[in-house]
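Please read the following briefing alongside the sequence and the three-dimensional view. The points below are grouped by topic for a reader new to this structure.

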Amino acid sequence: MRIAVFSDIHGNMEALEAFLADVAGRHVDRYVCLGDLVGYGASPNECIERLDSLASVRFVKGNHDAAALWQSSPYEMSSGAKTAILWTMDRLTPENLERLKALDDRFQDDRIQFCHANPLRSMNWRYVNTWFSAFRSFLSSRSRWIFVGHTHRPLVISRQTQFKLDFVTPKSESPFELDPDRRYIINCGSIGQPRDGNPDACYAILDTRNQWLEFRRVSYDIQSTAEKIRSAGLPEYLATRLFKGR
Ligand code: ZN
């Protein structure tokens, strides 16, 4: 089984289309989207509808999706995020609101756990990017592989022993072998707003039979995305940050 895991699309249709074109030839059996379909970007309806058209896809809900549904307060978000979510709420169609409502908080499939932020508790939205947060995350789940998004930065955390955790930032696209004796927390990065200094859309492919993990980076037409953000009247830095991958 080959699973494409992707997250944090954030209403960026150009990045989403570039990812879908890249993944199309990579013999993927199914897709898992780890949430944040909307927020920041100017194409929330288009992204939801495009994702809904995919066969063999499952979703979890992100914090921006929850905010767009008033399941968490947009007023607790950073200023740009709040402005964009309020803008998004005014534009989501009733059908797309229903689609967001139907997303799972998280789910477990075979040996794999999928969540937006962390496996501890859905809707607390804490990052898994430190030894302590990873330690607690491993304790809270029995899954061998735990996939997260939310930080917009690709990361592989592996557990050698209960206290010895390795953090690796994937730098190359060549697949690496997963150690059968270790458990992993894998952050698949972000499609629509990467923040690791590389502006290209990022996603992961897990090959469960061969136990390989592969990260892909895909360039897209950032200029068009930025223009849409500007003409929507959204904050300028939501456009400029895309060019920097920040
Ligand atoms: Zn996000």
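The four donor atoms around the zinc ion subtend angles of 86 to 175 degrees, and the arrangement is therefore irregular. Four donors count as tetrahedral if all angles lie between 85 and 135 degrees; four count as square planar and six as octahedral if opposite donors are over 155 degrees apart and all others between 65 and 115, and anything else is irregular. The model is a predicted one, in which local features need pLDDT of at least 70 and side-chain atom pairs count only at pLDDT 80 or more, while totals for chains, interfaces and linings use all residues. Residues are numbered from 1 along each chain as its sequence is written, and side-chain values use heavy atoms, with hydrogens and water left out.

**Zinc site**

- Asp8 (OD), His10 (NE2), Asp36 (OD) and His152 (NE2) coordinate the zinc ion at 2.0 to 2.4 Å; donors are N, O and S atoms within 2.8 Å of the metal (3.2 Å for Na, K and Ca), and sites may look incomplete without water.
- Along the chain, the zinc donors follow the spacing D-x1-H-x25-D-x115-H.
- Aspartate 8, in the loop between β1 (2-6) and α1, and aspartate 36, in the loop between β2 (30-33) and α2 (44-52), are 28 residues apart and link distant parts of the chain; helices (H or I, at least four residues) and strands (E, at least two) are DSSP runs numbered from the N terminus.
- Both aspartate 8 and aspartate 36 are buried, that is, under 20% relative accessible area with a 1.4 Å probe and protein chains only.

**Nonpolar cores**

- The largest nonpolar core has 47 residues, and Phe6, Phe19, Leu37 and Leu100 have the most contacts inside it; such a core is a set of buried Ala, Val, Leu, Ile, Met, Phe, Trp, Tyr and Cys residues joined through side-chain atoms within 4.5 Å.
- Helix α1 (residues 13-24) gives the most to this core, with seven residues.
- Another core, of 20 residues, lies apart from it and includes Phe107, Ile186, Cys202 and Phe215.

**Glutamine 113**

- Glutamine 113 lies in strand β5 (residues 112-115) and counts as buried because its relative accessibility is 7%.
- The side chains of glutamine 113 and serine 141 are joined by a polar contact of 3.5 Å.

**Helix α8**

- Leu238, Ala239, Arg241 and Leu242 are the buried residues of helix α8 (residues 236-244).
- These residues cover an arc of only 165 degrees around the axis, which puts them on the same side of α8.
- Glycine 245 follows α8 and has a positive phi, near 65 degrees.

Methods
Buried < 20%, exposed > 50% of the residue type's maximum accessible area, 1.4 Å probe, protein only. Polar contact = N/O pair within 3.5 Å; in protein donor to acceptor, adjacent residues only side chain to side chain. Arc of directions from axis to C-beta.
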